[in-house]
Amino acid sequence: PTLSVLFEKKIDHIGGAGIVAKHIAASGNKANLITVLGEDDLKKFVISDLKKSKVNFNGFIDKLRPTVNKNAIVSDNYRLIKVSKLDNSPIKEKISNAICKKLFKSKADGIIFSDFRAGIFNKKLIHKYKKSLKKNIFTAADSQVASWWGNILEFKNFDLITPNEREARFALVDQISGIRYLASTIYNLSKCKTLILKLGKRGILTCMNKKHSSSSSYITLDSFANEVVDPVGAGDALLAYSTLSMISNKSKVISSLIGVLAASCECEKDGNIAISKEDILYKLDEI
């Protein structure tokens with residue numbers, strides 16, 4: 001029972017925090033990416049692609065770590081297997097200290113912690129990074145529970161967090177509770193200001209304040225994707241555009257809508273492609 005496939009082509013895309021930065025740049029805003037790359041050919045690809053996308057690479061090279069590389073073998077739009085090459089042990093203290101210095105000096109309007117559990121984030125380091133930030137900077141966070149284990153509850157006192165349902169259930173060790181209970185519990189425990197719970201093809205639920213018994217404390221939005229070509233990266237598009245909208249207009253309702261529109265646009269594209277503001281405006285006109 002061995003899979004046998006015929007190689008036709010290989011397409012490379014920047015993922016992880018890199019695609020979040022590319023979404024921000026595609027919106028017309030300035031994006032600085034702090035990350036860790038290895039001393040290898042993939043580093044050259046990443047830096048070159050970021051430059052073309054007008055993202056400023058502001059990270060570090062670690063000769064002892066490989067650049068994170070995730071591969072999916074696809075046949076007839078079905079993902080047969082995923083093969084990853086990475087080192088998810090914690091980064092060197094020297095590098096984490098340097099990241100803190102960059103964060104402390106940052107004049108950005110917002111900082112996004114895009115956590116794919118590849119060594120840059122853990123409970124201790126998240127607290128360390130957060131302490132380095134100036135108080136007036138908008139903070140957003142997302143933590144993956146797919147290939148590796150992250151925990152959204154390690155991101156305390158953020159302005160915006162965007163877990164999906166699986167990540168919320170993982171954090172609470174809860175497989176049976178309803179969606180509103182999940183959202184309100186994560187909201188309370190994380191002490192965030194806004195929580196957008198991603199529900200896949202069912203859309204999103206946004207928890208906006210602590211008055212959980214009131215219907216006005218929640219909003220729900222369906223997905224606006226007409227045809228789902230590739231859902232990979234939809235959450236990253238939502239994270240980027242919801243953050244940008246929150247910084248721009250401070251409306252939790254508008255930001256939820258902008259975020260779900262960006263996610264819907266991403267679902268309609270093949271591959272992890274940066275969404276532009278024109279894509280979102282076109283989707284709005286379409287609706």
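Me: Which strand is S143 in?
Reply: S143 sits in strand β8, which covers residues 138–143. Keep in mind that this is a predicted model.

Me: And is S143 buried or exposed?
Reply: Buried: its relative accessibility is 1%, so S143 falls under the 20% cut-off.

Me: OK, what does the S143 side chain make a polar contact with?
Reply: The side chain of D115, at 2.8 Å. The S143 side chain also reaches the backbone nitrogen of N151, at 3.4 Å.

Me: Which residues does S143 touch, leaving out those up to four places away in sequence?
Reply: With those left out, S143 touches D115, R117, G150, N151, I152, F155 and E167.

Me: Switching topic. How many residues are in the largest nonpolar core?
Reply: There are 37 residues in it, and F113, Y129, I186 and L195 have the most contacts inside that core. Elements that give two or more residues to this core include β7 (110–115), α4 (123–132) and β10 (194–198).

Me: Which element gives the largest share of this core?
Reply: That's α6, with five residues.

Me: Back to F113, what does that one touch?
Reply: Not counting residues up to four places away in sequence, F113 touches F121, I126, Y129, K130, L133, A140, A141, D142, F155 and F158.

Me: And what other core lies apart from the largest one?
Reply: Another core, of 34 residues, lies apart from it, with L33, L50, L160 and I204 among its members.

Definitions and conventions: Residues are numbered from 1 along each chain as its sequence is written. This is a predicted model: local features need pLDDT of at least 70, side-chain atom pairs count only at pLDDT 80 or more; totals for chains, interfaces and linings use all residues. Side-chain values use heavy atoms; hydrogens and water are left out. Helices (H or I, at least four residues) and strands (E, at least two) are DSSP runs, numbered from the N terminus. Buried means under 20% relative accessible area, exposed over 50%, partly exposed in between (1.4 Å probe, protein chains only). A polar contact is a pair of N or O atoms within 3.5 Å; within protein, one must be able to donate a hydrogen and the other to accept it, and residues adjacent in sequence count only if both atoms are side-chain atoms. Contact means heavy atoms within 4.5 Å. A nonpolar core is a set of buried Ala, Val, Leu, Ile, Met, Phe, Trp, Tyr and Cys residues joined through side-chain atoms within 4.5 Å.
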